[in-house]
Amino acid sequence: ARYAEAAAGRAGAGDGEGAAAWWALAGASELELGRPFDALVSCERGLRAAQAGWQAAFQSAMALETIGLLNLAEERLLQCGQLFAARPDQVGPDAGTMTHAQQRLEESLKFIQERLAQIEAGDGLVLMEEIQRLGGQLDDKEAGHWIAGVGEKSRSAQGRRELVAKGFLQECDMALTSPADVARRSCYCALRYRVNKKMHRHLAVAGLLHGVCDECVLPATLRDASTPALFSDADFGRFADRRLVVVDGAFSEAEMRALREELQRMRRMRFLKSDPNDVCNPLQESMYLPFLANQGTECPVTLRVVKRLCSLPALLEESLGLLLAVPTSVLLSCYPPGASYKMHLDSYALQGGQTEDAPRKVTILLYCNPEWSRDKGGLLRTWPPFDPGGGQALEIEPLSGRLVAFMAEEVWHEVTEASEDRYALTVWVHHRQRATFA
């Protein structure tokens, strides 16, 4: 706490580098106390105070290694090395500290890169050690749920195909003869995915990441009687019966072209980024856009569209008797050619052990892809409620102006590869009793 107070003081005085150094000390202290996720939060604050804060970058890498996200730790160490290289003539009181840290950096980077190579090669002992490390970061019930579920599916060809479909096993690993080898690789991948989600939650609670557990508002506060209704009574009826509804023509073609142009511009500015640890969806480029405080100077069309979309939750409450809350950011995404999204749920809260998962209740999607045709791919493939891929799937093309809504905890779905950039806007509506309010 004292380090955090000192960091805040230096930031208030306009000393970004000083603040970053104090945040790094806070991170190191929290790491020693066995609180690696809190350490990551402190180090992220340090890097935001000063992007050249090598101490914060280094301590962040140590925290990432501790929780088992070795690929991110490697990236952060390489970043730290670049920061060292930018200051080759460093002298003064920090010179000895930097030299010692650089030696530790080189040792840590060598260890992590060797470790990642062993994991890639399928070293059974190393995989078990990393599974224990990752599992130790999760609630026992959640870790047990994933280990048991993945282990069971590793025993059969059908189960392995399901693991491949969900991104927890590579296609080439289907040929492995030992179920134990398959289980180790799949468990490692699944637990890394869950730990990555947990890290996102900690950063989001600290206000450093949008989209995971944003502060919410009540749907009634966003209802706008002046905007045309997006759903008819028949649409609400279909949603209630099937837990999914598809509505075309909710927005004009001109609006969708303008929306796509804004998303393309934000992508060119590199606001949309991918997440390599999202095994379901590693190539998607996305960003969360806060919409309540945003003045709309950069994306006025996007914010107008979001305003209309956010009038839906109030109507869903009235028509279906749901208790909802609306997060104050929306997801803007692009699937470049080759990107896909493995079969998944948008919330695993109804699955065993997922006590900390995102409190998403309803997913609302809007596509803005003019002149899209089925041969371009990019289909949203959904299954009936609570069916993880065993029954008949519904394939939905991402047509411009098409609106799709479904129950986030019930409808398993995936996105197939597309041959062109595929854009979408997503509003996740939360369960009111598990939502975060200001």
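**A guided look at a predicted chain**

Among contacts in the protein chain (heavy atoms within 4.5 Å) between residues at least 6 apart in sequence, 76% join residues at least 24 apart.

Visitor: What kind of model is this, and how are residues numbered?
Guide: It's a predicted model, where local features need pLDDT of at least 70, side-chain atom pairs count only at pLDDT 80 or more, and totals for chains, interfaces and linings use all residues. Residues are numbered from 1 along each chain as its sequence is written, and side-chain values use heavy atoms, with hydrogens and water left out.

Visitor: Why is Gln51 called exposed?
Guide: Exposed means over 50% relative accessible area, buried means under 20%, and partly exposed is in between (1.4 Å probe, protein chains only). Gln51 has 70% relative accessibility, so it counts as exposed. Gln51 sits in the loop between α3 (36-49) and α4 (54-67). Leaving aside residues up to four places away in sequence, Gln51 touches Gln79 and Leu83.

Visitor: And what makes Ala234 partly exposed?
Guide: Its relative accessible area is 44%, so Ala234 falls in the in-between class. You'll find Ala234 in helix α11 (residues 233-242); helices here are DSSP runs of H or I with at least four residues, strands are runs of E with at least two, and both are numbered from the N terminus.

Visitor: How much space lies in the second largest pocket?
Guide: About 650 Å³. A pocket is an open set of points on a 1 Å grid over the protein atoms alone, where a 1.4 Å probe fits, with protein on both sides within 12 Å along at least five of seven lines. The volume is the space filled by probe spheres set on the points, which are joined across faces, edges and corners.

Visitor: What makes a residue part of the lining?
Guide: A lining residue has an atom within 4 Å of a point. The second largest pocket has 26 of them, and among the closest to its centre are Glu120 and Arg192. Helix α10 gives the largest share, 4 residues.
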